[in-house]
Amino acid sequence: MNANVKRPAPALEYLTTKKDELVGWARKFSLFPYPFVTACCGMEFMSVSSTLYDTDRFGAALPRFTPRQSDLLMVVGTVTHKQAPILRKIYEQMCEPKWVMAFGVCATSGGFYQNYAALPGIDKIIPVDIYVPGCPPRPEMVIDGIMRLQDKIAASKHPIINDKF
Amino acid sequence: MSTELPNPIRPAFTEPTDESHVIVNIGPSHPATHGTIQIVTELDAEKVVRTDVHCGYLHRGFEKECESHTWHNLIPYVDRLNYCSALINDFAYCETVETLMGIEVTPRCRYLRTLLSEYARVADHLTCVAASLMELGAMTAFLYLVTIRDYIYEHLADLTGARLTYSYGRIGGLANDLPEGWLERLAEILEQYEEFVGRVHGLMDRNRIFIDRMRDVGVISTADAVNWGYTGPILRSTGVPRDLRKDTPYLAYAELDFEVPVGIKGDNYDRYFVRMREMDESVHMMHQLMKMLPDGPVTVDDRRCVLPKKELVYNEIESLINHFKLIIDGPQVPAGDCYVAHESANGELGFYIVSDGSGTPWKVHCRAPSFVHMGGAHLMLNGYQLADIVPTFGSINMIGGECDR
Amino acid sequence: MDNGIVEKLCEEFGSEGASTSVAHGIAVIELDRGQLLPVVGRLKEGHGFDMLLDVTAVDWPGREPRFDVIWHLYSTRHFVRVRLKTRVAEADPVVDTLTGLYGSAGFMERECHEMYGIVFRGNADLRPILLYEGFQGHPLRKDYPKQQEQPLVPYRTTRNP
């Protein structure tokens, strides 16, 4: 087709794919969540982290309460306009690779708070990888969300040395 | 983003009173401040000299939202005020509207509301104690208490359809009656509660580290507490047995036999113990109520606010119009205003509603105990150590949804 | 609830020119804003109303004066509540502060100020509490559109994600 496109050698592509799979596997099972908890969904977050539903089975147990050490920003609950600069700052303070989960319908779209105070969805200010709707979502839904995020992480590219490998 | 992010608050002080002091900002995204409170503190090494508490990070415009919904449609908003014990909010609001409309609920509804209010109180106190213990490092106690709380959530999901925010109260009664086998499961859960809470008592009550961290920390006197508007477990921990369920009984509380636990000093340990004992009293009340529950309908047969039965709606034109008007226009509440307060898990939860005679409210104001408690929080934080802010704050049980509305 | 106290309050304050009534078990005293501090002082010292429960306002846009300012007091000894109401105009929405008598008035007056624009004379700290710095307007007034947002962080666009 287009003979001018430079393609890497097939052996290198195989290596890159395998490297991506390995790094993806490692990253997806060692998520360090930063629970940015604001509202009612926080109660379900407590439930999903505890014994009956347990995010520890997925490697996502240990919350890191500093953005510098975490890679999964779980925005749990309504984010208001007053809280928005705080959320943006936390997101910027996290290092790559980072993922964002919008936990609950208020974080996804503002929920049923369509007024002057609530931010209509956190994707207005930060990019979101997985949306878990629900008011609040059942713990099984949250776990489904984490598993889909893990699939997404497993399937994505993970450049570790430079932006090509 | 390279642009500077704006600061949403203006702190009360930016310069320390002494050059050796430091100003440290705690929150609002902080696990101990439950994610929505910012405390600007001035520290002298580890000692807190003064604090400036900022709330409002979860202000979701509850009052403004209520003004554009009908009296029934805003019940989900009311749920999400104190989301840990959402049923108490539902029933307090419904009772306020019922008082203004002049409706008296059926006996079964009264007893059920009392039973469920106490159930919600247990869930709220479990959450508060579990969170504050976890913040001290006692992960085991947290897991025990949250497990029981989860059984309660599943059980309430059997009744209302939702685990956390139920929207179960209706003006004139309740959404539906108890399903089969609900009371048997309740008895089972209360037994497991006794076992688990017994273990937590064994781990915490005489634990040297726990006592050292909580005794004589965050002390508030009765005079200060009353002046700064404290009600609920915090006021009771100072030694006065003020409880709306005993002082001005509502629902079925006048017929129940229960005590009002009080503390001795008004410190964190007392608040922990008052909450643990209150849970035991609530369980005792629930056992009594399970035996006292009368039969009968759970909603009043009042066409002004209760939806007619579906068979009638499909067969009679009057019921069809009634149903239509109730859904579209909302129940017509006579003009006037009304204030009704219930004893929620945090204290006096009051609803002040103003009606202009139509189906949508003119104003629905919630007198939130957490908001008033934040006003006086500095009394319990100043003078103690930086590390004491965490347990003191946890023992105040500030619920963001209620504080900021 | 001790209804005897409710009637006594109505008699006492009613005889001084304030209009009183009983609404669903609560004594309601409607007074002029100049009478606020003396009446609250008497209620606190003389009748034992030691807790200020709530300060709020109601907006009646068609009416002159526009705002009702409402206080609820509670007596922890007699278990009675009392509601105080006063009216202020939009052009001069000033009432006296109760922070000298009750500590709980601080936060509640700040909220009433930012939501309705009522000025509490004597309260030096009327910073926004539930809203944020830079918010223009008073959202609970009936002429503030519910969905008028004032974002602090500019929204992402396709050009500036």
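## Asking how we know: three chains of a predicted model

Modeller: This is a predicted model, and chain A is a handy place to start: its secondary structure comes to five helices and four strands.

Biologist: In what order do the elements of chain A run from the N terminus on?

Modeller: They go α-β-α-β-α-β-α-β-α.

Biologist: What makes you say that chain B is in contact with chain A?

Modeller: A contact needs two C-beta atoms within 7 Å. On that count, 32 residues of chain B are in contact with 33 residues of chain A. The largest share of chain B's side, five residues, comes from helix 5 of chain B. By class, that side has 15 nonpolar, eleven polar and six charged residues.

Biologist: Over to chain C. Why are strand 1 and strand 3 of chain C called edge strands?

Modeller: Five strands of chain C form an open sheet in the order 1-2-5-4-3, with mixed pairing. Strand 1 (19-23) and strand 3 (51-59) of chain C each pair on one side only, and that is what makes them edge strands. Neighbouring strands of the sheet are turned by 20 degrees against each other on average, direction ignored.

Biologist: How do you know that strand 3 and strand 4 of chain C pair?

Modeller: Pairing takes at least two bridges. Strand 3 and strand 4 (residues 67-75) of chain C have eight, in the antiparallel sense, so they count as paired. Leu52(C) stands opposite Leu73(C) in strand 4 of chain C.

Biologist: Which helix of chain C packs on the sheet, touching strand 3 and strand 4 of chain C?

Modeller: Helix 3 (residues 105-116) of chain C does, and its direction makes about 5 degrees with that of strand 3 of chain C. Helix 2 (residues 36-47) of chain C lies across strand 2, strand 4 and strand 5 of chain C, running at about 175 degrees to strand 5 of chain C.

How values were computed:
Residues numbered from 1 in each chain as written. Chains lettered and ligands numbered in written order. Predicted model: local features only at pLDDT ≥ 70, side-chain atom pairs only at ≥ 80, totals over all residues. Helix = DSSP H or I, 4+ residues; strand = E, 2+ residues; numbered from the N terminus. Nonpolar A, V, L, I, M, F, W, Y, C, P; charged D, E, K, R; others polar. Axes fitted to C-alpha atoms, helices over the stretch in contact; angles between N-to-C directions.
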